[in-house]
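I opened this notebook to keep track of what I looked up, one topic at a time.

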Amino acid sequence: MNQLHGNTTFIGGGAMGEAIIGSLISQQLLGPTQICVSEPVPARREFLKDTYGVKTETDNARAANRASVVVLAVKPQVLDLVMADLRGNLSQDALVISIMAGVRIQTLQSGLGHDKIVRSMPNTPAQVGQGMTVWTGAAAVTETDRAAAQAVLEAMGQAIYVAEEHYLDMATGLSGSGPGFVYLLLEALIDAGVHIGFSRDQSRQMVLQTVAGSVELMRQSGLHPADLRNRVTSPAGTTAAGTLALERAGVRSALIDAVDTAYRRSKELGDGSA
C-alpha cells in the first residue's frame, strides 16, 4: 500500500530527482501515475517516462498545479526562473521540498510566496539508495508534512531531521561534500596499490572491499573507530608504521580542515557571498 497520498511533482529530472523517483516507486511509496516530472530536455523526459512510467511536463506551473508535494530538484542557478514560474501556482497546502545546496528557507518562501518549505541536504550516494540526507522545515510545516518529507527523503537512504537550519550548512560540509573526500582517499589507496605492484583492477577491488568491509564491521560491532583501529594495530607492526606516516603527514587534521572549509563555504554561498 502506498504510504504517501496525493500527487508529487518534481521540478527537474536530473540524477538526484531520478534517484528519488526510482526509490519512491520501487518501495511502493508512490505509484508512477502519482508522479509528474517537469523537465526541459526532451530526451530526458522520454527516458523518465519510458523507464518509470511517470507523467512528464515542460511547464513548471502546470506540473505543480494541485500537487500535494513539490520537490525542487534543479540547480540553484535556475532557481529564480523556477520560483517565478511557481509563484501563485502552488496549492495552499502543498509541501515544497528543496534538495538544492545552499538555498535558504527564507529565500524559497519569499520567491515562491509560500510558507510550507522543507530544506534538505542529500548526497550523491542517494543515487544507489545509500544516501545521507539532513533536513529541516519551516514553522508552517505540520507534523503530517514532516512525516511525508521523512518518507520522501528516506527513500534515498537515511534521513536525519534537525530543528535548526544552520545545521544544513554543517551537513553540506560533512555528508554533502564527504563523498568527494572519500573518493579522493579511495583514489589515493588504489594508486598506492598500483605503486607497490598490483594491477589497477586488482587494487581497485581490494580497496573497495577493504573500505566497504571496514564500514560494515563498524556498523555491526558498534565500536568506536579507535577501538577497531587498535585491534588491527600490532606493536611495531605494519599498521603501526603506516598509521605513523599518516599522522606525520597530518591526514587527520587535513580531513577536519576539509570539512570545516566546506562548511564555511556553504555558509558563504547561502549568504550570497562570492
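The entries below go from the ground rules to the cores, the salt bridges, the surface and one annotated span.

**Ground rules.** I noted that this is a predicted model, in which local features need pLDDT of at least 70 and side-chain atom pairs count only at pLDDT 80 or more, while totals for chains, interfaces and linings use all residues. Residues are numbered from 1 along each chain as its sequence is written, and side-chain values use heavy atoms, with hydrogens and water left out.

**Cores.** I looked up the nonpolar cores, each a set of buried Ala, Val, Leu, Ile, Met, Phe, Trp, Tyr and Cys residues joined through side-chain atoms within 4.5 Å; buried means under 20% relative accessible area, exposed over 50%, and partly exposed in between (1.4 Å probe, protein chains only). The largest nonpolar core has 50 residues, and those with the most contacts inside it are Leu 72, Ile 97, Leu 108 and Leu 112. Apart from it lies another core of five residues, including Met 121 and Val 162.

**Salt bridges.** I searched the whole structure and found 12 salt bridges, where the term asks for a side-chain nitrogen of Lys or Arg within 4 Å of a carboxyl oxygen of Asp or Glu. Lys 116 pairs with Asp 145, their closest N and O atoms being 2.9 Å apart. Lys 116 lies in the loop between helix H5 (105-112) and strand S6 (117-121) and Asp 145 in helix H6 (residues 143-154), so this pair ties together parts that are 29 residues apart in sequence. For helices (H or I, at least four residues) and strands (E, at least two) I used DSSP runs, numbered from the N terminus. Both Lys 116 and Asp 145 are buried.

I then turned to Arg 200, which forms a salt bridge with Asp 191 at 3.0 Å between the closest N and O atoms. Here Arg 200 is partly exposed, with a relative accessible area of 45%, and Asp 191 also counts as partly exposed, at 35%.

**Surface.** Ile 196, Phe 198 and Met 206 form a nonpolar surface patch with about 310 Å² of accessible area together. Patches are made of residues with over 30% relative accessible area and no salt bridge, like charges being joined within 9 Å and nonpolar side chains (Val, Leu, Ile, Met, Phe, Trp, Tyr) within 5 Å; accessible areas come from the Shrake-Rupley method with a 1.4 Å probe, and for residues only the protein chains shown count as cover. Met 206 is found in helix H9 (residues 200-221).

**Annotated span.** I noted that residues 165-269 are 85% helix and 0% strand, with their end C-alpha atoms 14 Å apart.
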